[in-house]
Amino acid sequence: MAKKSAKGHIEIDRELCKGCYLCIDVCPQKNISKSSKLNQKGYYPAQFEQSEENRCTGCAQCATICPDVAIEVYRD
Ligand code: SF4
Ligand code: SF4
C-alpha cells in the first residue's frame with residue numbers, strides 16, 4: 001500500500017500580518033505568496049494557495065517563523 005503523504009493547510013490572519021514574507025521564504029512547498037490587496041494596517045499580507053502538485057504538508061515552518069503569530073496550521 002502506498003504511504004499516505006502528510007497533508008495540511010494553513011490560515012493566515014491578514015490583519016495580523018505585517019508583510020515580512022519570512023513565511024514565503026521558508027515554505028518548502030511554495031504555498032505562500034504575497035496578496036495584491038492591502039490590509040487595514042497598509043501591508044500586503046501573505047496568502048495561502050495550493051495546487052495538487054504543491055500540497056501543504058502541515059510542517060508548520062511558516063507558523064514557527066512568523067513573528068506576528070498570524071498563521072494557524074491544520075493537519076488534514
Ligand atoms: S511571516 Fe507572518 S507577518 Fe510575515 S508575511 Fe508571513 S504571515 Fe505575514
Ligand atoms: S505548513 Fe509547511 S507546507 Fe504548509 S504552508 Fe506552512 S511551511 Fe508551507
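This is a predicted model: local features need pLDDT of at least 70, side-chain atom pairs count only at pLDDT 80 or more; totals for chains, interfaces and linings use all residues.
Local features need pLDDT of at least 70, side-chain atom pairs count only at pLDDT 80 or more, and totals for chains, interfaces and linings use all residues. Residues are numbered from 1 along each chain as its sequence is written, while chains are lettered from A and ligands numbered from 1 in the order in which they are written.

**Exercise 1.** Describe the surroundings of ligand 2.

*Solution.* 
- Step 1: Take the residues near the ligand (C-beta atom, placed from the backbone, within 6 Å of it). There are 16 around ligand 2.
- Step 2: Pick out the closest. They are Cys27, Asn31, Cys56, Cys59 and Cys62.
- Step 3: Sort by class. Ala, Val, Leu, Ile, Met, Phe, Trp, Tyr, Cys and Pro count as nonpolar, Asp, Glu, Lys and Arg as charged, and the others, Gly among them, as polar. The shell around ligand 2 has 10 nonpolar, six polar and no charged residues.

**Exercise 2.** Is Lys30 buried or exposed? What is the phi of Lys30?

*Solution.* 
- Step 1: Count other C-beta atoms, placed from the backbone, within 10 Å of the residue's own (buried: 20 or more; exposed: 12 or fewer; partly exposed: in between).
- Step 2: Lys30 has 12, so Lys30 is exposed.
- Step 3: Phi of Lys30 is near 55°, a positive value in a residue other than glycine.
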